[in-house]
Amino acid sequence: MGLFTWDAKRPLDIVLLGRIAIDFNPVDYFHTLAESTTFRKYLGGSPANIAVGMARLGHKVGFIGKISDDRFGDYVQNFFENEGIDVSHVTRDQSGASLGLTFTEILSRDTSSILMYREGAADLKLCPADVDEDYIASAKMLLLSGTALAQSPSREATLKAKVLAHKTGTPIVFDADYRAYTWVNDEEAALYMHLCAQGADILMGSRGEFDRMEALAGLDGTDEASARYWLGRGARMLIIKHGKRGSAAYTPKGVYQVKPFPVEALKSFGGGDGYGSAFLHGLLTGLSVKQALELGTASASMLVASHACSQDMPDRAQLDAFIKEKKAQYGEHVTGPDNE
């Protein structure tokens, strides 16, 4: 018996809640934003990217979100629909809010930065009334994003979804997705991220994001302390990312260490969303933890080597071909216990 069992009677594999935005990535590489003149437009936002990744991997995906009532809103809704993502619970804001815009700066293959415009963002207008119990109960898992906690009423909508997931027995994935410029202050971020992480089944984030959500707990900032704390409070898995050094998955059965597959990177962002979608795909399809992590790290490596995030999410055949090629060159990339 694995760590997770999924209710086969539920029609959706996953429902995600949170940020839908637009990314503008420069085409004239390795220049500052001040020097860049040409950009390509993509659907963005971490939960939106993960939704696309999981749809590409063959899953039935739903989304709870708020978008702008304008042409950019049309763009992201059409993108979702073309990927087969259910948009019945993606609603239009009527207050005049705009989609969040992200301009990325690719200075080198190893150095990137992000400039976000998030003032009055439509995704943060999501209300508790937009969160429906039956919709959450129709999914095998629910993914909540930390960015959705940054402001009201999206904060309350997210916490309502968490309560309803517990009520309906829907496993929760909490993706920290911390963006400092969205929050009023560090204290609010620490409080609400910690609150949402309590009771989640799977926690995903960078080492820095775990430090943020644990700020009130007085931990020592190590992966081992995080694992003891959250597994001791009912979590079934932690994914802690360390960038180029790889990542670690902690479960009650032990720790799995994961190395990135070597690639010639184009940018240093986007890999986490590819990782999340492919890893959750592995769990939902009954793969072992090792196999799921292998898929996740492969997708992350592919995404940092490509220009886009959502647009370049791989399907399963592409992932399998990439893994086969890289393992022939570099060997295994996941170590951990075999008693899964």
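These legends describe close-up views of a predicted model. Residues are numbered from 1 along each chain as its sequence is written. Local features need pLDDT of at least 70 and side-chain atom pairs pLDDT 80 or more, whereas totals for chains, interfaces and linings use all residues; side-chain values use heavy atoms, with hydrogens and water left out.

**View 1. The largest nonpolar core has 50 residues.** A nonpolar core is a set of buried Ala, Val, Leu, Ile, Met, Phe, Trp, Tyr and Cys residues joined through side-chain atoms within 4.5 Å. Buried means under 20% relative accessible area, exposed means over 50%, and partly exposed is in between (1.4 Å probe, protein chains only). Ile-20, Phe-80, Phe-279, Leu-280, Leu-283 and Leu-293 have the most contacts inside this core. Helix H1, residues 46–56, gives the most to it, with 6 residues. Helices (H or I, at least four residues) and strands (E, at least two) are DSSP runs, numbered from the N terminus. Apart from this core lies another, of 39 residues, including Val-15, Leu-164, Ala-176 and Met-193.

View 2. Contact means heavy atoms within 4.5 Å. Leu-283 is also one of the residues with the most contacts inside the largest core.

**View 3. Helix H1 packs against helix H8 (residues 271–284) at an angle of about 45°.** Their axes are 8 Å apart. Axes are lines fitted to C-alpha atoms, for helices over the stretch in contact, and angles run from 0 to 180 degrees between N-to-C directions. The angle makes H1 oblique to H8. Angles under 35 degrees count as roughly parallel, over 145 as roughly antiparallel, 65 to 115 as roughly perpendicular and the rest as oblique. From H1, the contact uses Ser-46, Asn-49, Ile-50, Gly-53 and Met-54. From H8, it uses Asp-273, Ser-277, Leu-280, His-281 and Leu-284.

**View 4. Helix H1 is largely enclosed by the rest of the structure, because 10 of its 11 residues are buried.** Among the buried residues are Pro-47, Ala-51, Val-52 and Ala-55. After H1 comes Gly-58, with a positive phi near 95°.

**View 5. The loop between strand E2 (21–26) and strand E3 (39–44) holds Ser-36.** Ser-36 counts as buried, at 10% relative accessibility. Ser-36 touches Pro-26, Asp-28 and His-31, not counting residues up to four places away in sequence. Phe-30 is found in the loop between E2 and E3 too. Phe-30 counts as partly exposed, at 34%. Its phi is positive, about 60°, although Phe-30 is not a glycine.

**View 6. Asp-177 sits in the loop between strand E9 (172–175) and helix H5 (186–197).** Its relative accessible area is 3%, so Asp-177 is buried. Asp-177 has a positive phi of about 40° although it is not a glycine. Most residues other than glycine have a negative phi, and most peptide bonds are trans.

**View 7. The peptide bond from Ser-152 to Pro-153 is cis.** Its omega is near 5°. Pro-153 lies in the loop between strand E8 (142–145) and helix H4 (154–168).

**View 8. Glu-119 is in the loop between strand E7 (112–117) and helix H3 (133–137).** Glu-119 is exposed, with a relative accessible area of 81%. Glu-119 and Ser-98 are 21 residues apart in sequence. In space they are 8.6 Å apart, C-alpha to C-alpha.
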